[in-house]
Amino acid sequence: MRPTSRIAHWVASLPRQRTREVQSLAVDGIRDLIGCMIAGTLEPPSQKAIRVALAWGRGSSSIAGIDHTVSAPASAFANGTAAHVLDFDDSFAPLTGHPSAPIVPALLALGEELGSSGAAILDAYVVGIEVLATIARVANPSHYAMGWHSTATIGRIGSAAACARLLGLDAAQTTAAISIAMSSSAGTRLQLGSPMKSVHAGFAARDAVIAARLAAEGMTGGSEVLAGERGFQGLYTMSHAGEEAFTVPGEGEPLAIVSPGITFKPYPTCGSTHRSLDALLFLKTEHRFSGDDVDSAVLSIPALNVKNLIYDRPASGLEAKFSMPYCAALALEQGSLRLGDFDDAAIERPRIQALMPRIVMETTPGSEHTEKDYLDLPAHTTVRLKDGSTLSDERYVRRGSLSSPMSDQEHAGKFRDCAGRVFGHSETERLLELISNLPVTPDVRLFTSLLRQTKSQVASSTDASHHAAR
């Protein structure tokens, strides 16, 4: 079989993954994404997306923080945008992007329509992650380096495969779902630091639901859309790998959610800053210096990362997430990075502004022209203190990855911080409990109904705008 059919056959025929390890990792991914999604509903881009989704009419699928239900595509669009807007959602090394934002909102929306079990949602999520990895291993690093936003492009296709799995489509229908999703695959890194970057994830989740539903209705497209001159590989990458490079795991081989696994974010910033932030926070803890003690900090990172961090002097909280000087100044000055640090007003704090000019970001020598993944290249950090001492650190591994994991307490703390922006303590703890119990939840609507039970500002402000428009 050619790549698209091979992947579709694997999606349709894989036995459901019930191992404790796989289910635990899937629960981690869904919990992390839902926390980011809830917190993101308060952001202006999400508010706009929610208003648009509400205008598309009623249905049976939820929007976080809103006491109305909408169609599944509208739900996926609004929640997908909210999931990605804070740039706090997970990363995935093969994708060079964010795997869960295009997948989880689509599965929750579709799962509500179907009355799917929690186990079915987890299973489809694992399958979607695998399809992302299969395509991304062929497409990257060139796809991302060319300027494509992998979360939007490959994410759309992987999410469509996940939705096909949840619908129980056969191999031919799944091939069609992948083909349909490929036809809407778009989104460039030009939008990094702008509100549209988060909308990319919303579009991807929405289009995935539509692709799978169209395939279920008998819509078909080209049978091979991944390989070939006019397929995804030929049009979206500079890869010359053969069709055999599109490999799915054989029996007994680890799934992508196990190896290389998902990387979770301990900081609400672009992942390109994270290894440098890990180093700065470690040095600050070990040597107990303050921001006033710092003469300069030189942060050397791979060229691909440098290209993502385009704001030396950010003018908004969203731009600040893509600013190495700002993020590094937070680490050096206060020893932490919190969601509130990226409010628009927060970036003007005098002590942070005074420290930023002392921070220099450099490109790792030799990284401009290499086919190596950026994680195969070091992030080197040097801090010079005013007393003349020099502190150095070199890192390959990001905190939050499987080789340097966040603890269970850190995961739960992140969720509480995110969900606590919208929900009260009791609702947040109930959400945590329900997510933990997804493997044995008979109907995902037992969980999603709680997402709507809030009296937060997201519900009140959006409802007011919605009724005014009517």
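Here is a short chat about salt bridges, cysteines and cavities in a predicted model.

Trainee: Hi! How many salt bridges does a search of the whole structure find?

Mentor: It finds 19 in this predicted model. One of them joins the side chains of D32 and K414, at 2.8 Å from N to O.

Trainee: Where do D32 and K414 sit?

Mentor: D32 is in helix 2 (residues 20-40) and K414 is in helix 18 (residues 408-419). They are 382 residues apart, so the pair links distant parts of the chain. D32 is buried, with a relative accessible area of 6%, and K414 is buried too, at 7%.

Trainee: What about E333, which residue does it form a salt bridge with?

Mentor: With R351, and the closest N and O atoms are 2.8 Å apart. E333 belongs to helix 16 (residues 324-334) and R351 to helix 17 (residues 350-355), so the bridge ties together parts 18 residues apart in sequence. E333 is partly exposed at 22%, and R351 is partly exposed at 45%.

Trainee: Switching to cysteines, how many disulfides are there?

Mentor: The search finds 0. For C163, the nearest cysteine sulfur is that of C36, 20 Å away. C270 has the sulfur of C327 as its nearest, at 8.4 Å.

Trainee: Is C163 buried or exposed?

Mentor: C163 is buried, with a relative accessible area of 0%. C270 is buried as well, at 6%.

Trainee: Last topic: what lines the largest cavity?

Mentor: Its lining includes H84, D87, K197 and F322. By class there are 4 nonpolar, 4 polar and 2 charged residues, around about 50 Å³ of space. D87 and K197 also belong to a salt-bridge network with K265.

Notes: Residues numbered from 1 in each chain as written. Predicted model: local features only at pLDDT ≥ 70, side-chain atom pairs only at ≥ 80, totals over all residues. Heavy atoms only, no water. Disulfide = S-S within 2.5 Å. Buried < 20%, exposed > 50% of the residue type's maximum accessible area, 1.4 Å probe, protein only. 1 Å grid on protein atoms, 1.4 Å probe; cavity = no way out; pocket = protein on both sides within 12 Å on 5 of 7 lines; lining within 4 Å. Points joined across faces, edges and corners; volume = space filled by probe spheres on them. Nonpolar A, V, L, I, M, F, W, Y, C, P; charged D, E, K, R; others polar. Salt bridge = Lys/Arg side-chain N within 4 Å of Asp/Glu carboxyl O. Helix = DSSP H or I, 4+ residues; strand = E, 2+ residues; numbered from the N terminus.
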